[in-house]
Amino acid sequence: MASRNQTKKPVEQSADLLSPFLGPLLLEARERAGVKQEVLAKKTRMSDAKLRKIESGVGPLRKADLELICKVLDLDQDIIVLEAIRDLRSFILARLRRDPKLPL
């Protein structure tokens, strides 16, 4: 019998750099707006599973999906993307401070 760890699927990694930073921002905005995940999924015509992946940062987050989520939550898409870029920049700088020899 396989152990529990052997049967778990590995966590997917997003193909793009911003999804891991956009997802949590979208989750926070949804919660701040008081919108349940199921409601947002229905309004954006996404499955709960897809929205859960987007909000957890493992995507995939297509441009059209981002536009629709921002429209439903009344968010400025440009601001959300800029916040994600800021968070990505902070993440990279923190990694470089810990290990300046990291290849860019």
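1. K50 is partly exposed, with a relative accessible area of 26%. This is a predicted model. The salt-bridge partner of K50 discussed here is D65, with the closest N and O atoms 3.0 Å apart. K50 sits in helix α4 and D65 in helix α5 (residues 63-73), so the pair ties together parts 15 residues apart in sequence. D65 itself is buried, at 5% relative accessible area.

2. K50 and D65 also belong to a network. Salt bridges with shared partners join K50, R62 and D65.

3. R30 makes a salt bridge with E55; their closest N and O atoms are 2.6 Å apart. Are R30 and E55 buried or exposed? Both are buried.

4. Helix α2 (residues 19-33) also holds R32 and E28. Their side chains form a salt bridge, at 3.0 Å from N to O. The two residues are four apart, about one turn of the helix. R32 counts as exposed because its relative accessibility is 60%, over the 50% cut-off. E28 is partly exposed, with a relative accessible area of 45%.

5. How many salt bridges are there by this rule? The count is six. Among them are R32 with E28, R30 with E55 and K50 with D65.

How values were computed
Residues numbered from 1 in each chain as written. Predicted model: local features only at pLDDT ≥ 70, side-chain atom pairs only at ≥ 80, totals over all residues. Heavy atoms only, no water. Salt bridge = Lys/Arg side-chain N within 4 Å of Asp/Glu carboxyl O. Buried < 20%, exposed > 50% of the residue type's maximum accessible area, 1.4 Å probe, protein only.
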